[in-house]
Amino acid sequence: MRTPITRRDAMKALGASGTFALAGCIGETGGGENQTVLLGQPTVSTSKWDFLQPAVTAATEMTIQEVNDAGGPLGNDMEFKQRETALKPQQARTVVQQFKNNDGATVIGGLLSSEVTPLVDFLTSQEIPIVSNWLGTTAVDTRGGDHGTPDDVSDDEWVWRTQISDSIHTAGAAQKMVSEGYENVAILNGTAQGERSWADAFEKWFTNGGGEVVNRIEVEEGKSTYKAELDRLFEADFDAWGLATGLNDVVTILREWSNAGYGGQLILEDALRDEALIENAGEQAEGAWIASPTGQGPAYDAFEEKYKSFKSDPPALHAWAVTCYDMVNVVALAAHRAGSADPTEVEKNLGPVTRQGGTTVSNFADGKEALDNGDEVQYQGAATPCTFTEYGNVLGNVAIERVTPSAFEQVDVIPASDLENVLDEY
């Protein structure tokens, strides 16, 4: 029986001469190929989630500096370029084409649910990896990744995410509601894809758990008042209600809900888990729950320390900034393992640097050293363990927090292992 050549064997055979090459090993590609890894990062600085962008940008800058301080993928500095999408699908489509065709990007690092959901077929057709730190929509639960065949891109769908799906944390939210004895709920949500995804998933898991959604109303976002919609919602008899709209609308809705004295246990969508909610509506939202990714994987403590010391006054840290750290590291490691900045070669290596055995690493420096020594690596993330499934998803724990006028107070943590079993495919 023929013994397969391992990565370490190949690196030993390479020796000092550099004359032996093996696909997937670090080496020269020849032909003048550009060996700079360029991350194209779509931004949402002019959208309803503008308050989340500063920390994501800071985390990107910090991580790329850390990667480059370690020698960079392929021995070159990693670069990134930002283009604004304003959370508009058509603008996001244009931005992706600009990154690919004008900038020569290796990977697109970003895009939100409202952008990816209507564009998923287009994104797959572009054959450039989309690795999103934002993406929560359930629409791509089985529409991404490499399908478990990393060397064969013919079945790839090119979309990956370092953030857990709405399926995970809404299952946690529903489980919390059912365990606390709530049997009937109502839902008020906006029409944007992110809000719809949250509401759809929460309704699914709550009813699967034996509860009943007795009323659900979708609202146009950006209105000056929601009194009529609240009146319609509370015509039904229920114990608790879910709310999923942008921050500005939530502030209006919570003020009018509080003034009307409707009551009922409130649970908010995870994207609202930000200091901006406390600053703008902490008193009105007091007692509400938020079920969101803990954002605290095996390497969280080390990441947090680095983030807080990166700038004298860094933007308030949130989950989508933590997942950004994982996104940049995974891309850099995939390119270094591939020995190429070519998008297709990086696509082939995104799964292997998180799934395969070998040296466990939580940053690029350690991963680069292991790869250069001929070892395989398994990246363990700051936000989650970051082990990509065949569909390009990750699993992580869910935190249940209570809103107070001054902070979010954790009341429960639901392990990912408790929620993984409820998913058919992920």
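Before we look inside, a word on classes: Ala, Val, Leu, Ile, Met, Phe, Trp, Tyr, Cys and Pro count as nonpolar, Asp, Glu, Lys and Arg as charged, and the others, Gly among them, as polar. Keep in mind, too, that this is a predicted model.

With that sorting, the lining of the largest cavity comes out as nine nonpolar, six polar and four charged residues. The cavity holds about 240 Å³ of space, and the structure has one cavity of 30 Å³ or more. To find the spot, pick out Ser113, Trp134, Gly194, Ala271 and Trp320, which lie nearest the centre among the 19 lining residues. Three helices, α4 (113-126), α5 (166-179) and α6 (193-208), are the elements that give two or more residues to this lining, and α6 has the largest share, with three residues.

Across the boundary, 17 residues of domain 1 are in contact with 22 residues of domain 2. The size of an interface is often given as the accessible area lost when the parts come together. Here about 1500 Å² is buried between domain 1 and domain 2, with carbon and sulfur atoms giving 56% of that area. On the domain 1 side, Lys48, Trp49 and Phe51 supply 32% of the area buried against domain 2, more than any other three residues.

One more space to visit is the second largest pocket, with about 390 Å³ in it. Its lining has 21 residues, and Arg273, Thr294, Gln296, Tyr300 and Leu317 lie nearest its centre. The elements that give two or more residues here are β10 (289-293), α10 (300-310), α11 (319-338) and β13 (398-403). By class, this pocket's lining has eight nonpolar, six polar and seven charged residues. Domain 1 and domain 2 each supply at least three residues to the lining of the second largest pocket.

Technical notes: Residues are numbered from 1 along each chain as its sequence is written. This is a predicted model: local features need pLDDT of at least 70, side-chain atom pairs count only at pLDDT 80 or more; totals for chains, interfaces and linings use all residues. Side-chain values use heavy atoms; hydrogens and water are left out. On a 1 Å grid over the protein atoms alone, a cavity is a set of points where a 1.4 Å probe fits but cannot get out, and a pocket is an open set with protein on both sides within 12 Å along at least five of seven lines; lining residues have an atom within 4 Å of a point. Grid points are joined across faces, edges and corners, and a volume is the space filled by probe spheres set on the points. Helices (H or I, at least four residues) and strands (E, at least two) are DSSP runs, numbered from the N terminus. Domain bounds come from an automatic or database domain assignment. Contact means heavy atoms within 4.5 Å. Buried area is the accessible area (1.4 Å probe) that two parts lose on being put together, summed over both.
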